[in-house]
Amino acid sequence: LARVAIADVSQLGQGYDHALHSNEVPAVSVSVEISPCILVVDDSVTVRKVTSRILRRQGYRVLTAKDGVEALKVMQEEIPAVILLDIEMPRMDGFEVATRVRASGDLREIPIVMITSRTGEKHRQRAMELGVDHYMGKPYQEEQLLETLNQLLTVES
């Protein structure tokens, strides 16, 4: 979780008289927790909606993309804490996204969880060779997904 300091401007005004006479400016800081952002990349609108709903219920912020091309554009705007990535998608598949993420200086450390109907050993092995952190079959179990995210985010922070 990221921490952000916020100055309470109304509090600053209360110390104005004191500041005029002492050259001190009162400072007030508040600690705010920002929940991790998860990027869900899947060509199925249903999978994106269901997964987003599950994640938001747990307090995560969620970004979505319908394919790899859109995912890379989304990551130019905000770098997610974790990427949930399907393999089979139009324009750019999950293997290509994983390859590009791992080759990018800014993105290479982002944990990738591949969630796919391709549960065979050949696809799993290729994903692991590309540097995917976790591989799950569809349909995934909600508890397993949340536990995996918890483990990845605990290691990260």
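**Exercise 1. Work out the overall layout of the chain.**

Start at the N terminus and walk along: the elements come in the order β-α-α-β-β-α-β-α-β-α-β-α-β-α. Keep in mind that you're looking at a predicted model. Next, tally the elements: the protein chain has 7 helices and 7 strands. Then ask how the chain folds back on itself. Take the contacts with a separation of 6 or more; 60% of them join residues 24 or more positions apart. Finally, check the surface. Of the 157 residues, 38% count as buried, and the accessible surface comes to about 9,300 Å², with 50% of that belonging to carbon and sulfur atoms.

**Exercise 2. Find Asp-67 and decide: is it buried or exposed?**

First, locate the residue. Asp-67 sits in the loop between strand S4 (61-65) and helix H4 (68-77). Second, look at its relative accessible area, which is 2%. Buried means under 20%, so Asp-67 is buried. Third, see what its side chain is up to: one of its polar atoms lies 2.8 Å from the backbone nitrogen of Glu-70. Last, look for partners further off in sequence. Leaving out residues up to four places away, Asp-67 touches Val-41, Met-89, Pro-90, Arg-91 and Met-92.

**Exercise 3. Pick up Arg-91 from that list and describe it.**

Begin with its place: Arg-91 is in the loop between S5 and helix H5 (94-103). Now the backbone. Its phi is positive, about 65°, although Arg-91 is not a glycine. Then the exposure: with a relative accessible area of 58%, and exposed meaning over 50%, Arg-91 counts as exposed.

**Exercise 4. Search for cavities. How many of 30 Å³ or more are there, and what lines the largest?**

The search of the whole structure turns up 1 such cavity. The largest cavity has a volume of about 60 Å³. Its lining is made of Val-40, Val-41, Asp-42, Val-47, Thr-51, Leu-84, Leu-85, Asp-86, Ile-115 and Lys-138. Strand S3 (37-41), helix H3 (45-57) and strand S5 (82-85) are the elements giving two or more residues to that lining. Sort the lining residues by type and you get 6 nonpolar, 1 polar and 3 charged.

**Exercise 5. Lys-138 lines the cavity. What kind of peptide bond joins Lys-138 and Pro-139?**

Check omega, which is about -5° here: the bond is cis. Then place Pro-139, which lies in the loop between strand S7 (134-137) and helix H7 (142-156).

Note on methods. Residues are numbered from 1 along each chain as its sequence is written. This is a predicted model: local features need pLDDT of at least 70, side-chain atom pairs count only at pLDDT 80 or more; totals for chains, interfaces and linings use all residues. Side-chain values use heavy atoms; hydrogens and water are left out. Helices (H or I, at least four residues) and strands (E, at least two) are DSSP runs, numbered from the N terminus. Buried means under 20% relative accessible area, exposed over 50%, partly exposed in between (1.4 Å probe, protein chains only). A polar contact is a pair of N or O atoms within 3.5 Å; within protein, one must be able to donate a hydrogen and the other to accept it, and residues adjacent in sequence count only if both atoms are side-chain atoms. Contact means heavy atoms within 4.5 Å. On a 1 Å grid over the protein atoms alone, a cavity is a set of points where a 1.4 Å probe fits but cannot get out, and a pocket is an open set with protein on both sides within 12 Å along at least five of seven lines; lining residues have an atom within 4 Å of a point. Grid points are joined across faces, edges and corners, and a volume is the space filled by probe spheres set on the points. Ala, Val, Leu, Ile, Met, Phe, Trp, Tyr, Cys and Pro count as nonpolar, Asp, Glu, Lys and Arg as charged, and the others, Gly among them, as polar. Accessible areas come from the Shrake-Rupley method with a 1.4 Å probe; for residues, only the protein chains shown count as cover.
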